[in-house]
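Biologist: Before I rely on the labels attached to this model, I would like each one set against its definition. Could we go through them together?

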Amino acid sequence: MRRVWAITRRELVGYFSSPVAYIISAVFLLISGYFYTIVISYTREASLRFLFNNMAITWLLVAPMLTMRLFAEERKLGTFELLMTSPIRLYELVLGKFLGAALLFLGILGVTLQYPLFLLAFGSPDLGPLAAGYLGFTLMGLGFLAVGTFASALTDNQIVAS
């Protein structure tokens, strides 16, 4: 498990040492914040039902930006062979890279937890659908990341992997 966390740490450092993580986070949070504002101002109900629908479509477009570089960049840079000959198993490599993208996704999703906090402060939302919505969005987002990781493993071109 130590090797998996080393690869995960390497992926997270790779995301945050370039502007990729910051741009992806900003784009997703700006779009979801816009939809949150629009949905709350038009529906006037303490529910995030419509927001989760919009965030799902937004994440469908944003998730490939996170995953397209996972394996495709390793092949392009010529470090894939080095990774494959290192003393780690294939599942540790895949799991480490996936966890790096998943932790970034969960961090971005964690920032959106302020939306239900505002609803709790100014309204009385039903907590069951809120929790189920976040659970469903988390599972859906992780599924999108898994498909993107698989697509990145198939090719050495990042654009094709997206």
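Modeller: What follows takes several labels in turn and sets each against its cut-off.

Modeller: This is a predicted model, in which local features need pLDDT of at least 70 and side-chain atom pairs count only at pLDDT 80 or more, while totals for chains, interfaces and linings use all residues. Residues are numbered from 1 along each chain as its sequence is written, and side-chain values use heavy atoms, with hydrogens and water left out.

Biologist: What makes helix 2 roughly antiparallel to helix 3?

Modeller: Helices here are DSSP runs (H or I, at least four residues), numbered from the N terminus. Helix 2 and helix 3 pack at an angle of about 170°, with their axes 10 Å apart, the axes being lines fitted to C-alpha atoms over the stretch in contact, with angles from 0 to 180 degrees between N-to-C directions. Angles under 35 degrees count as roughly parallel, over 145 as roughly antiparallel, 65 to 115 as roughly perpendicular and the rest as oblique, and the pair is therefore roughly antiparallel.

Biologist: Which residues make that contact, and how do they divide by class?

Modeller: With contact meaning heavy atoms within 4.5 Å, the residues include Phe28, Ser32 and Phe35 of helix 2 and Leu51, Met55 and Trp59 of helix 3. The contact of helix 2 with helix 3 has 13 nonpolar, 4 polar and no charged residues, where Ala, Val, Leu, Ile, Met, Phe, Trp, Tyr, Cys and Pro count as nonpolar, Asp, Glu, Lys and Arg as charged, and the others, Gly among them, as polar.

Biologist: Why is Ser32 called buried?

Modeller: Buried means under 20% relative accessible area, exposed over 50%, and partly exposed in between (1.4 Å probe, protein chains only). Ser32 has a relative accessible area of 1%, and therefore counts as buried. Leaving aside neighbours within four places in sequence, Ser32 is in contact with Leu51, Met55, Thr112 and Tyr115.

Biologist: Why does Arg44 count as exposed, and where does Arg44 lie?

Modeller: Arg44 has 71% relative accessibility, so it counts as exposed. Arg44 lies in the loop between helix 2 (20–43) and helix 3 (49–67), and its phi is near 55°, a positive value in a residue other than glycine.

Biologist: How do you know that the span of helix 8 agrees with its number of residues?

Modeller: The expected span is 1.5 Å times one less than the number of residues. For the 28 residues of helix 8 that should be 40 Å, and the end C-alpha atoms are 41 Å apart, so the two agree. The buried residues of helix 8 include Tyr134, Phe137 and Gly141.

Technical notes: Helix = DSSP H or I, 4+ residues; strand = E, 2+ residues; numbered from the N terminus.
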